[in-house]
Amino acid sequence: MTVDEREKLYNEVWAEPMTIVSQKYGISDVALRKRCIAAGIPVPPAGYWAKLRAGKEVQKIALPALTKESKKHVSGYAIQISKDVKALSDVELLSEDPLYIYSMKSKELIQTMRNSIIIPSQLRNPDRLIQEHKDEMNYREKQIKLNPGYKNSQYWFRNISTKSVIDISVSSEQIHRAYLIMDTLIKSIEQLEGHIETENYSDRDYCTLKIPGGIWNMSLYEDKTTTGRRYNSTTTYTGCLNIKLHSGWYCDAKELIFSDNEKSPLENQLGEIIYTLFDTASKDMLVHEQSSREWDRKRQQEELERKKEQRRKKELQKLDSIEKEAQCYKRAQLLREYAQALKSLSDISVDSEVSLEQKIQWILEKADWLDPLVHKDDFILGVMQHTE
């Protein structure tokens, strides 16, 4: 829910009992209470409405500021997407303006963050994700020392891990530096209404960075060099740290890599990383809408072509039917002409079984049966099918 929706829900649950408010949203009062708790909305305590009806004094709890947890369920408190991409014209979708979809206030906030990030020299009050990574890495290292055979097991990662953590893969010499970079990045992203989630998948840690308008898989790793042969190789860390961000799948996939370099260490690039994430998210939303519209137009054109082909086939079938009717009509006229010719000849030889008059009558009946303008049934042949 948005900040405005949060405030609206707060006023509603303090104006009427939860059982009544929940009906407006089509959910149970229990589900509504859970939604309020997740968004950090205080609800009336037990007995509140009974006291109010009895005329007793009651106290309304003020709507508190968003906490770190409640921010995960509320949007628009820092970053607002002011452009509805579906309402934009095709020309507007081609805009190259940076951060185009965000409000002016949001652009200023992102730009300020871009220019003001400073990484401390000491890791004080680390984010929960940093502390969890430290604890989990210590635990996994102890498990490997106690059970060396885990490394040779097919499921070694599952044997030594207790929880998912952020994806950091660096040497012990660079771990403190990596923590400082990641801790600063996490805290900066949270100020811009973003957050990071972790999960275990396919025997490794995965880290997902979510911001308003975009989702990225993120990892922080150190470059390595390998020397020697396959079964007798040596891996050496180079000290060069990288942040890799990956978004989308297949043809829509996008990858951003920021690395230490001679001009600028990774610490000095965090502001640019955050700005690039939001700007790329903005451009991706525009491109996605363009692709969606192009796809819709393609499907509509294909549907028009399909209907056009259907009409063409029907016209051809109709033409074939008319041609068949015309042929039947021509045959009927030919039979009538022949019957007329028979009437004018008195000396023509006919079958001994039928008279000339009977033969002429039979020919005329078959002509009427063939003629699509007459539609006469035949006792033996039935109804003439002029169309398929």
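## A nonpolar patch on the surface

A nonpolar patch is made of residues that have over 30% relative accessible area and no salt bridge, with nonpolar side chains joined within 5 Å. In this predicted model, Tyr329, Leu373 and Val374 form such a patch on the surface, and together they have about 290 Å² of accessible area. Tyr329 has its place in helix α9, which covers residues 270-343, and with a relative accessible area of 34% this residue is partly exposed.

## Confidence in the model

The mean pLDDT of the protein chain is 88, and 92% of its residues reach 70 or more. Among the elements of the chain, helix α8 has the highest mean pLDDT, at 95, whereas helix α7 (residues 156-160) has the lowest, at 61. Where pLDDT is low, the predicted coordinates should not be read in detail.

Helix α8 spans residues 175-191 and includes Ile189, a residue that is buried because its relative accessible area is 1%, which is under 20%. Leaving aside neighbours within four places in sequence, Ile189 is in contact with Gly194, His195, Leu209, Ile211, Ile274 and Leu277. The C-alpha atoms of Ile189 and Thr226 are separated by 35 Å, and these two residues are 37 apart along the chain.

Thr184 also lies in helix α8, and at 8% relative accessibility Thr184 counts as buried. If residues up to four places away in sequence are not counted, Thr184 touches Ile117, Ile118, Ile119, Pro120 and Leu270.

Which residues are buried in helix α2? In this helix, made of residues 18-25, they are Met18, Val21 and Ser22. Seen down the axis of α2, the buried residues fall within an arc of 105 degrees, and therefore they line one face of the helix. These buried residues pack against α1 (3-13) and α3 (29-38), while the face turned away from the buried side carries the exposed residues Gln23 and Lys24. Just after α2, Gly26 takes a positive phi of about 70 degrees.

## Salt bridges between parts of the chain

Side chains of opposite charge can pair when their charged atoms come close. The structure holds 25 salt bridges, and in one of them the side chains of Arg293 and Asp90 meet at 2.7 Å, N to O. Because Arg293 lies in helix α9 and Asp90 in the loop between α4 (48-53) and α5 (104-116), the pair ties together parts that are 203 residues apart in sequence. Arg293 is buried, with a relative accessible area of 14%, whereas Asp90, at 37% relative accessibility, counts as partly exposed. Both residues belong to a network of salt bridges that links Lys86, Asp90, Glu289, Arg293 and Arg297.

## Glu132 and its two partners

The side chains of Glu132 and Arg128 meet in a salt bridge of 2.9 Å, N to O. Because Arg128 and Glu132 are four residues apart in helix α6 (residues 128-146), about one helical turn separates them. Arg128 counts as partly exposed, at 39% relative accessibility, but Glu132 is buried, with a relative accessible area of 17%.

Glu132 also forms a salt bridge with Lys163, in which the closest N and O atoms are 3.6 Å apart. This pair links distant parts of the chain, since Glu132 is in helix α6 and Lys163 is in the loop between α7 and β1 (168-169), 31 residues apart. Lys163 counts as partly exposed, with 36% relative accessibility.

Definitions and conventions
Residues are numbered from 1 along each chain as its sequence is written. This is a predicted model: local features need pLDDT of at least 70, side-chain atom pairs count only at pLDDT 80 or more; totals for chains, interfaces and linings use all residues. Side-chain values use heavy atoms; hydrogens and water are left out. Helices (H or I, at least four residues) and strands (E, at least two) are DSSP runs, numbered from the N terminus. Buried means under 20% relative accessible area, exposed over 50%, partly exposed in between (1.4 Å probe, protein chains only). Contact means heavy atoms within 4.5 Å. pLDDT is the predictor's confidence in each residue, from 0 to 100. Patches are made of residues with over 30% relative accessible area and no salt bridge: like charges are joined within 9 Å, nonpolar side chains (Val, Leu, Ile, Met, Phe, Trp, Tyr) within 5 Å. Accessible areas come from the Shrake-Rupley method with a 1.4 Å probe; for residues, only the protein chains shown count as cover. A salt bridge is a side-chain nitrogen of Lys or Arg within 4 Å of a carboxyl oxygen of Asp or Glu. The arc is that of the directions from the helix axis to the C-beta atoms.
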